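Have a look at the model first, then read on.

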Amino acid sequence: MLKRVVMLLITAFVLSSCQTMSKEECAVADWRVVGEQDGAAGYEPQSRFARHVKACERAGVLADQTLWYQGYQQGLPRYCTPLNGLSVGRDGKSYANVCPVGLDAGFREGYSLGQAYYRKSSDIRSAESQIRGLEQSIRADQDLISKGQVDQREAERRIDDNRWKIRDLEREIGRMQSDLRRIEADMEDFRYTRALRG
């Protein structure tokens, strides 16, 4: 019985987390405003509006696609700026190819630079995580040696191998941090030049 209640609660949570709007929000929605907010957030229009329709059907409310789309078009220019592209890329978020032709190139320029920063930061975190794993292996082998539960020469060989791997990773992290500093400088230049353009 308890298992069934837990499953029902989990299902209800998952369904509610997929909904874009509550019944109350659907009942009082200004579809132009909802569309503008969605455009300013860079959502892919067809799937986003379809999710609104699904959420509001449950409340017995018909979503107004015409008003929503008008608002969406008004919101897009707030999303499709070069500096926002930089932020979206830096945060590792995806781009749904929603920017109009006149704004797409500037957004993509910022997005590409932001993505370079995100990827390099992720690579550094990954290497640091590998080092922590190797250090844990070293401690485990040292513990086994101290307890006499392992062939000492074999364990010491593994420890030496892991220490060499750590040194290699630390050198690689140093190179990646230099790359990251260059990317950060490029990002600052990008922000500065875009601010000058207004």
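Helix H3 (residues 31-41) meets helix H5 (residues 65-79), where helices are DSSP runs of H or I with at least four residues, numbered from the N terminus. Among the residues that meet are Trp-31, Val-34 and Asp-38 in H3, and Leu-67, Trp-68 and Tyr-72 in H5. The residues of this contact divide into 9 nonpolar, 6 polar and 4 charged, with Gly counted as polar, Tyr and Trp as nonpolar, and Asp, Glu, Lys and Arg as charged.

This is a predicted model, in which local features need pLDDT of at least 70 and side-chain atom pairs pLDDT 80 or more, while totals for chains, interfaces and linings use all residues. Residues are numbered from 1 along each chain as its sequence is written, and side-chain values use heavy atoms, without hydrogens and water.

- Asp-38 counts as buried, at 4% relative accessibility (buried is under 20% relative accessible area, exposed over 50%, partly exposed in between, with a 1.4 Å probe and protein chains only).
- Beyond its neighbours within four places in sequence, Asp-38 is in contact with Tyr-43, Arg-48, His-52, Trp-68 and Tyr-72 (contact means heavy atoms within 4.5 Å).

**Arg-158 in H8**
- Arg-158 lies in helix H8 (residues 152-197).
- With a relative accessible area of 28%, Arg-158 is partly exposed.
- Not counting residues up to four places away in sequence, Arg-158 touches Asp-141 and Val-150.
- Arg-158 and Asp-141 are 17 residues apart along the chain, and their C-alpha atoms are separated by 7.9 Å.

Technical notes: Helices (H or I, at least four residues) and strands (E, at least two) are DSSP runs, numbered from the N terminus. Axes are lines fitted to C-alpha atoms, for helices over the stretch in contact, and angles run from 0 to 180 degrees between N-to-C directions.
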